[in-house]
Amino acid sequence: GLQGSALEKEAFWLVRALDLEAFEDTRSEHLSGGGQRKLQVACALVGSPKLVCLDEPSSGLDPVARRALWQTALTKLRSASASVVATKSTDEAEALCSKLAILGKDGSLNTIGSALETRKRYGGGHELRATLRRPTAAEIWDSIMERREADAVAGFVKSCVRALGGIVSSEDDLHSFAAGLARGGSQKAGYDGFIQELRRVPWVHGLRMTDGSTGDAAVSGLSAKDLLPEDSPEVKAELIARGQKILAELRPLFPGIRCVEEMSLTRIFQLRDKGANAKATWNVADVFQNVEDRKNRLNIAEYSITQASLEHVFNQFATRDQEGDGVIPRSARDEV
């Protein structure tokens, strides 16, 4: 251990490196949660022990304090220590560790290796992160009428009525109305024709726009204002269809493409690199060009292309753990 001036010098350096100068005369029990966390890390690093074990060391810290803690820990650990860090933060794991191990919920070891090796083995090359354009009510209507499904038409009508604060007084009349539209009603007039049909039905009551207008004025408001919420079944179904269209459009260009994550309007697609023995036929510039050429047709508002992240690999293992299989299939590993 350290004694005398050496201990004072070490404590002085750690206090300032972790931005604890203002609390030098404060008892630890009176520190905030973040301050206590930094003090705990400082105590663990004093004297550069041969082995340091840290459990989520930057938990509860703001981004600036987190980076300062990581830099301080790295400075100390590089000199004479080995460290074991338990964390759910992939950023923290990459910042502090030269080798990573991902454990299953039962404690089994799923993989071990450097961050680069883990990304290459399980990340599948590059990711296309696309933000879809939010579908309008008119676009959803056109999509429904292409399929001509009476139940889908009825659901769309109910969602529109609900969005306007109204009620449907007769389910039988609703389904008869929907069946008529599915058979060809309003086909030529499109969405505007549907609006005109909805004006005339006697079994919809209490329609009200947010500006207070009611009745026909509220119905006509649907033509100018998209009121369907993002979590409505019709919007969700349209977003799923758009994701499938992206896959179908890009699969001939990138055969290994698959959707790995869906969050609201965001879709993350994995573009698997070729296997070790395969001849690469595209690069990142090719991906950008191919997506850009199809951006409007695929209803993509914005997109980015990056190397597969460590966070995505971790999420893959977490998902498979929840599904009862914590191991990524060997076929994915063999492609590296």
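## Strand β3

This is a predicted model. In strand β3, residues 100-103, the side chains alternate. L100 and I102 point to one face and are buried.

Strand β3 pairs with strand β4, residues 109-113. The two run antiparallel, and 4 bridges join them.

## Helices α6 and α11

Helix α6 spans residues 137-147, and helix α11 spans residues 233-250. Their axes come within 10 Å and cross at roughly 70 degrees. Angles of 65 to 115 degrees count as roughly perpendicular, so α6 is roughly perpendicular to α11.

From α6, the contact involves E139, I140, S143 and I144. From α11, it involves E234, V235, E238 and R242. By class, the contact residues divide into 3 nonpolar, 1 polar and 4 charged.

## The chain overall

The protein chain has 14 helices and 10 strands. Of its 336 residues, 40% are buried. The accessible surface comes to about 18,600 Å². Carbon and sulfur atoms account for 50% of that surface.

Consider contacts between residues at least 6 apart in sequence. Of these, 66% join residues at least 24 apart.

Definitions and conventions: Residues numbered from 1 in each chain as written. Predicted model: local features only at pLDDT ≥ 70, side-chain atom pairs only at ≥ 80, totals over all residues. Heavy atoms only, no water. Buried < 20%, exposed > 50% of the residue type's maximum accessible area, 1.4 Å probe, protein only. Contact = heavy atoms within 4.5 Å. Areas by Shrake-Rupley, 256 points an atom, 1.4 Å probe, with all protein chains shown as cover. Axes fitted to C-alpha atoms, helices over the stretch in contact; angles between N-to-C directions. Parallel < 35°, antiparallel > 145°, perpendicular 65-115°, else oblique. Nonpolar A, V, L, I, M, F, W, Y, C, P; charged D, E, K, R; others polar. Pairing = 2+ DSSP bridges.
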